[in-house]
Structure formats: C-alpha cells, structure tokens
Amino acid sequence: ALVERVAAQVKALQPAIGIALLEAMYHYDPTAVLDATTLPVRCLNSAARPTNVAAGRKHDMRFDVRTVPNVGHYVMLEDPEAFQALLDAAVDELAR
C-alpha cells in the first residue's frame, strides 16, 4: 500500500516539478552542507542499510545516527511512531 501511495503522489506531480526535483538532487552536494553547518547533525535512518558514520564525522565530529528497525526508505511513513520518538529524543538531546 505504501509503494502504491508514493507512486500515485509522484505520478500526480506536474512533469516540470519532477524534472526540477531530479536536477536539484543531481547537483546537491551534501559534503558542502555538512562542512558549512555549525549544528550537530543527527540522522534518523532505516536500519535496513548501514549509515557511514565515519564519513559523516569527517565533516562534523558530532555527526550521529539513530535507526528504526524493520522499515525501508520511508522511515517516517512506515513507522511514524518510532520515527517521532527518535526525532523527539534527538531534539531533546540537542536542546540541552
């Protein structure tokens, strides 16, 4: 059901929007963003694939990751409660 829902949303987009999104993703440089940030970075990811924490820490030693088990790419859609709990915990941690 999730795949069908996301596919329907993508199909409903105007082609120009989809093209602009793909072009922006192609030119996006996450290393430049990480190098420029002054805030600690917390990634909330699926546990299905490992996150390269060492690569993130090359740009910010405070880079860290929290994972949600048994989900795929769309963590926040597949397990919104677990995602929200991790997000709340990350915000609380960074607010200290």
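Two residues are in contact when heavy atoms of theirs lie within 4.5 Å. On that basis, 32% of the contacts in the chain with a separation of 6 or more are made by residues 24 or more positions apart. The structure in which these contacts are counted is a predicted model.

The secondary structure comes next. The chain contains six helices and two strands, and along the sequence these elements follow the pattern α-α-α-β-α-β-α-α. The chain is more spread out than a compact globule, because its radius of gyration is 16 Å, well over the 12 Å that the globule rule gives for 96 residues. Along the principal axes, the C-alpha trace spans about 40 × 30 × 25 Å.

The division between interior and surface may now be considered. Of the 96 residues, 16% count as buried, where buried denotes a relative accessible area under 20%. The chain exposes about 7300 Å², and carbon and sulfur atoms supply 62% of that area. As for charge, the chain carries 9 positive and 12 negative side chains. The centres of these two sets lie 4 Å apart.

How far do the confidence scores extend across the model, and where are they lowest and highest? The chain averages a pLDDT of 93, and 100% of the residues score at least 70. Confidence is lowest in helix α3 (residues 30–36), with a mean of 89, and highest in strand β2 (residues 64–68), at 96. Where pLDDT is low, predicted coordinates should not be read in detail.

Note on methods: Residues are numbered from 1 along each chain as its sequence is written. This is a predicted model: local features need pLDDT of at least 70, side-chain atom pairs count only at pLDDT 80 or more; totals for chains, interfaces and linings use all residues. Side-chain values use heavy atoms; hydrogens and water are left out. Helices (H or I, at least four residues) and strands (E, at least two) are DSSP runs, numbered from the N terminus. The radius of gyration is taken over C-alpha atoms; the globule rule is 2.2 Å times the number of residues to the power 0.38. Buried means under 20% relative accessible area, exposed over 50%, partly exposed in between (1.4 Å probe, protein chains only). Accessible areas come from the Shrake-Rupley method with a 1.4 Å probe; for residues, only the protein chains shown count as cover. Lys and Arg count as positive and Asp and Glu as negative; His and the chain ends are not counted. The place of a charge is taken as NZ of Lys, CZ of Arg, CG of Asp or CD of Glu. pLDDT is the predictor's confidence in each residue, from 0 to 100.
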